[in-house]
Amino acid sequence: MRRLTVGLLLLRATGLGALLLLLWNPLATRPLPAGVQSIVLLDASLSMRRGAWPAARDSARALAGGQGGLVWRFGARVASFDTAPPSDGASRLGPALEAAAARGGEVTVVTDGAVDDLASIPADLLRRPRVVVLPRSSFRDAFVASVDGQRRVASTDTVRLRVSYGTAGMREAGGGMRDAALAVSVGGARLLSRRVTLPDSGTASTDLTLPASRIPHPGWNVLDVRLEGVGDVEPRDDARRFVVEVSPQPAVVIFAAPPDWDTRFLARTLADVAQAPVKTFVEAEPGRWRDAAALTPVSPAELSRAARGARLVVLGGKPERARRYAGSAAVLEWPGGEEPGDWYVERPPASPLAPALGGIAWDSLPPVVVAAEPPRDSGRAGAIAVLSARLARRGAPRTIVTLHEGGGAGAGGAAGTARRATVTASGLWRWAFRGGPAEQAYRSLVAAVADWLLAERGAGRGERAAPVTLEVPNGLPLVWRWTGGGDERPLVVELRDETGAARIDTLRFDAGGHAELLLPPGAYRYALAGGPERGLVAVEEYSDEWRPAARLLASQPGLAEGRTVQVGLRDRWWLFVIAIAAFSAEWAWRRRQGLP
């Protein structure tokens, strides 16, 4: 028998050693190859306009030019470099750092230090880049932080606005700003002015009320709420805009007897999805009705007059207490339930509302807390069952939403021909309260019922998309939400600014059903092609970027990781060659000696 030689043992050890190193794959650090470019991230948010932009732009060019690198702008989004002034209404550094880290190479950040998303950036990602923070001037600033109120009002209503205002910055840099005035105007015409006292720092709020009849033009209007008499160096954050629609009379009247959470959420959602003014009356005590907005007493004559001009009347709580006011309008009855238990809504059967309710994940919705007995006429001719629910997902289903094709009773018991719908379930407001898909399911149900009730009179909306907010700060995109049935599809939108100039664009919706449209400051009347969607949106001159902000991000040299690259032994081709050569040579030697 031939013996194993020392050479065969060395070849076997060399091959096994190479295999072990490949399995272990230790990392080694080496300088970046010449082909990898460095990246300079330049802050292009609106806050950079206050004297820091020329220096930041020149610094970014010098850093990139000296290293043969690239310059990216970051703000509300990440974009390639150009010389245009900063225009983004936010300073979000996280997405830019993630994109630069995925590409590799040295990363440098040039900013004024006011970064919005600093707390959400991972610590290891934030330590790597070199950060150059440019100085930012200190100043005292007064601003209007927000305006909130009812979107749609009747000409006989009162417009109520909740206005937040405040001051920020170095107190000694702006003197003693204390007294100011809040003025509300529309189209340059002043509607209201009130003296206010500015806080030393932070924000305060106040309520402004004015009759809707003061607004000179019905329909959509933009209210300008401005701080006057402050004399600060930054006037671009002294005003906010609020879009409101004024109608000759309320299109929807809600009678809540007594008021509950269902009618409260229904009023807010109906005003949004039906895009019509909603008037709510509550019966807190038997026989005593009040205006839900001001809690002022209302006479039966006023109740009849409000309901007589409405296109839709909602009877909540105990419908029989207000049924005599319904008249010939379309009626939605939403009585309170009487049977306790967790009732889970099932997938809807075929009905006129089924296409609008398609795509809802019914199994994931919260239960209906109480389900009442079905209406007495649910089995009669013309009644259409839309939704049903089962107690604890077991037992016989119970109808909770029913449509009625005409034959309703009008005022005084007279026969009417308007459509009616009945919802015999309580707790649906929990869907809207939860948010997310559950809120969209609630909105879809309310919109579908309202569209069906109003379609007979040609007032149904049939919306496919709607803006998420009617106002947006400077430098941020208008976000649109897909609200129609079926799959999202691109929609052509025509926008006309305050001068009448037209602009055609296309809304392209993502997988989440949202589309973005970036516009310069101004008011725009929009219309979606091929549909009934009309309205008014406003892009404000205001931005949070105009206000003094703390310097959250400090200068740092960065880590050497950005200038080097880690290479594993598996990336070294010669180690594979050594392993293959060692095993091949051993095999050939053993064959020549006749070894197995």
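Guide: Contact means that heavy atoms lie within 4.5 Å, and the model discussed here is a predicted one.

Visitor: Among contacts in the protein between residues at least 6 apart in sequence, what percentage join residues at least 24 apart?
Guide: The protein holds 10 helices and 35 strands, and buried residues make up 48% of its 596 residues. Counting contacts between residues at least 6 apart in sequence, the share that joins residues at least 24 apart is 69%.

Visitor: Is H5 roughly parallel or roughly perpendicular to H9?
Guide: The axes of helix H5, residues 261–273, and helix H9, residues 436–455, come within 10 Å and cross at roughly 70°. Angles from 65 to 115 degrees count as roughly perpendicular, so the orientation of H5 to H9 is roughly perpendicular.

Visitor: How many nonpolar residues does the contact of H5 with H9 have?
Guide: On H5 the contact is made by Asp-262, Phe-265, Leu-266, Thr-269, Leu-270, Asp-272 and Val-273, and on H9 by Tyr-442, Arg-443, Val-446, Ala-447 and Ala-450. Sorted by class, this contact has one polar and three charged residues, while the number of nonpolar residues is eight.

Visitor: Within what arc do the buried residues of H3 fall, seen down the axis?
Guide: In helix H3, residues 94–103, the buried residues are Gly-94, Ala-96, Leu-97 and Ala-100. Seen down the axis, they line one face of the helix, because they fall within an arc of 160°.

Visitor: Which helix do the buried residues of H3 pack against?
Guide: The partners of these buried residues include strand E2 (39–43), strand E3 (70–74), strand E4 (78–80) and strand E5 (107–111). Just after H3, Gly-104 takes a positive phi of about 90°. Besides the strands, the buried residues of H3 pack against helix H4 (123–127).

Visitor: What arc do the buried residues of H6 cover around the axis?
Guide: Leu-303, Ala-306 and Ala-307 are buried in helix H6, residues 300–308. What covers them includes strands E15 (252–257), E16 (278–285), E17 (288–291), E18 (297–298) and E19 (312–317). An α-helix has 3.6 residues a turn, so residues three or four places apart point the same way.

Visitor: Is the peptide bond from Ala-257 to Pro-258 cis or trans?
Guide: Pro-258 has its place in the loop between E15 and H5. Most peptide bonds are trans. With omega near -5°, the bond from Ala-257 to Pro-258 is cis.

Visitor: Does Leu-295 count as buried or exposed?
Guide: Leu-295 lies in the loop between E17 and E18, and its phi is near 60°, a positive value in a residue other than glycine. Since exposed means over 50% relative accessible area, the 53% relative accessibility of Leu-295 makes this residue count as exposed.

Visitor: What is the phi of Ala-392 near?
Guide: Ala-392 lies in the loop between strand E23 (383–391) and strand E24 (394–404), and at 31% relative accessibility it counts as partly exposed. Most residues other than glycine have a negative phi. Ala-392 has a positive phi, with a value near 55°.

Visitor: How many Å apart in space are Gly-65 and Val-40, C-alpha to C-alpha?
Guide: Gly-65 lies in helix H2, residues 53–67, and counts as exposed at 57% relative accessibility. Gly-65 and Val-40 are 25 residues apart in sequence, and their C-alpha to C-alpha distance in space is 10.0 Å.

Definitions and conventions:
Residues numbered from 1 in each chain as written. Predicted model: local features only at pLDDT ≥ 70, side-chain atom pairs only at ≥ 80, totals over all residues. Heavy atoms only, no water. Axes fitted to C-alpha atoms, helices over the stretch in contact; angles between N-to-C directions. Helix = DSSP H or I, 4+ residues; strand = E, 2+ residues; numbered from the N terminus. Parallel < 35°, antiparallel > 145°, perpendicular 65-115°, else oblique. Nonpolar A, V, L, I, M, F, W, Y, C, P; charged D, E, K, R; others polar. Buried < 20%, exposed > 50% of the residue type's maximum accessible area, 1.4 Å probe, protein only. Arc of directions from axis to C-beta.
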